[in-house]
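Keep the viewer open and follow along.

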Amino acid sequence: MKMTEERTRPAGLMAIDREMARQHADAIASYEIARPMAAKAAESLKRTGRLLLIGMGGSHAVNRAVEPLYRRLGIDAVALPLSEQLGHPLPLTGRTIFVTSQSGESAEVVRWFDETGGTQETFGLTLEGSSFLARTAPSLIGAGGTELAFAATRSLTVTFALHLAILAALGEDPATALAVLNAPEDHDITAALAALQSVATVVTSGRRLQGVAEALALGLTELSRRPCFSLEGGQLRHGPMEMLGPEIGVVLFRGLDETAGLVTAMATSTVETGAPVILFDASGHAPVAGTVTIRFAPAMGLAAIFAMLPVAQRLMIAFADARVENAGTPVRSTKITRSE
């Protein structure tokens, strides 16, 4: 039976499997390769004290995830979709700009540089060293080249590693995050997948880890073709709780930080609605009754992200594979979005 499953696995998911198999090694290599340019980006941040993170899709989800990490260091960091910055822009003067695009070729990236010319404090983050972005701005280049599979997996982990290099240059200790990359935790997702077996869709949510929740929701939507989406914990509390029930799966992220108690309260509330609740938990706190909890070593920041993300990706892929015959092969999108 196992051999049959391997032969019939959709080509799109096999492509994702290949990306994921190398994401930890590529992330470690990316951290090392990026350190000289990361030092320059850190110097810019020390000069300006203000950061605008712009990107689209998975790149924006990464930006959302690291936004609070820069704020913890006293940097006035804001993450905006690049499309919003094009339509109703924040002023660029006095800000360091991080333009993130795994391909370096997205339509919005090209137009932003065409319209603004970039600035002296603009840096790119990309996986493709020969891309438009890498040619146009000083860039941190991820190892391993362009991601070929449709949904973002390796590109997320590698881009987080580029940010780890910048944060380390700003004085953060990278040791814990690097240790997670060198020895990733493995977890069984069988119970989590079973809990989501009968749901129509999934809502993801977090507090400090909201960016990871948004990355997962994007991948779930792309692969399962269900309208899965993400709401920051406070936003979920303010009205959208009305949608919850047995047909809506909820995936929560809890880390070892000051917002853990709020995620705990949300988990308790969502269980009471009858919704199946999956809790990715690196908080070290007690489990929440009624949830399917995937427990990680206590961690915060990028260490928590590096631990949780690959396991969440496996759940995302299995959820889609159970619902879509050719999961991983886009029918309405392309890997590199060249039109607006």
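Helices (H or I, at least four residues) and strands (E, at least two) are DSSP runs, numbered from the N terminus. This is a predicted model, in which local features need pLDDT of at least 70 and side-chain atom pairs count only at pLDDT 80 or more, while totals for chains, interfaces and linings use all residues. Residues are numbered from 1 along each chain as its sequence is written, and side-chain values use heavy atoms, with hydrogens and water left out.

**Exercise 1. Find where Arg-71 and Glu-67 lie, and say how their side chains meet.**

Step 1. Both residues belong to helix α4, 4 residues apart, about one turn of the helix.

Step 2. Their side chains form a salt bridge (a side-chain nitrogen of Lys or Arg within 4 Å of a carboxyl oxygen of Asp or Glu). Here the N to O distance is 2.8 Å.

Step 3. Now check accessibility: buried means under 20% relative accessible area, exposed over 50%, and partly exposed in between (1.4 Å probe, protein chains only). Arg-71, at 46%, is partly exposed, whereas Glu-67, at 5%, is buried.

**Exercise 2. Which parts of the chain does the salt bridge of Glu-121 with Arg-47 tie together?**

Step 1. Start with the contact: the closest N and O atoms of Glu-121 and Arg-47 are 2.8 Å apart.

Step 2. Glu-121 sits in the loop between α6 and β4 (122–126) and Arg-47 in helix α3 (residues 23–48), so the pair ties together parts 74 residues apart in sequence.

Step 3. Glu-121 counts as buried at 19% relative accessibility, but Arg-47 is exposed at 54%.

Step 4. Glu-19, Arg-22, Asp-26 and Arg-154 are linked in a network of them.

**Exercise 3. Classify the ring pair of Tyr-70 and Phe-98.**

Step 1. Recall the rule: rings of Phe, Tyr and Trp (its six-membered ring) pair if their centres lie within 6.5 Å; planes under 30 degrees apart count as stacked, over 60 as edge-to-face and the rest as tilted. The count by this rule is 7 aromatic pairs.

Step 2. The ring centres of Tyr-70 and Phe-98 are 6.1 Å apart and the planes stand at 70°, so this pair is edge-to-face.

Step 3. Tyr-70 is in helix α4 (residues 58–72) and Phe-98 in strand β3 (residues 96–100), 28 residues apart, so to speak distant parts of the chain that the pair links.

Step 4. Both Tyr-70 and Phe-98 are buried, and together with Phe-123 they form one aromatic cluster.
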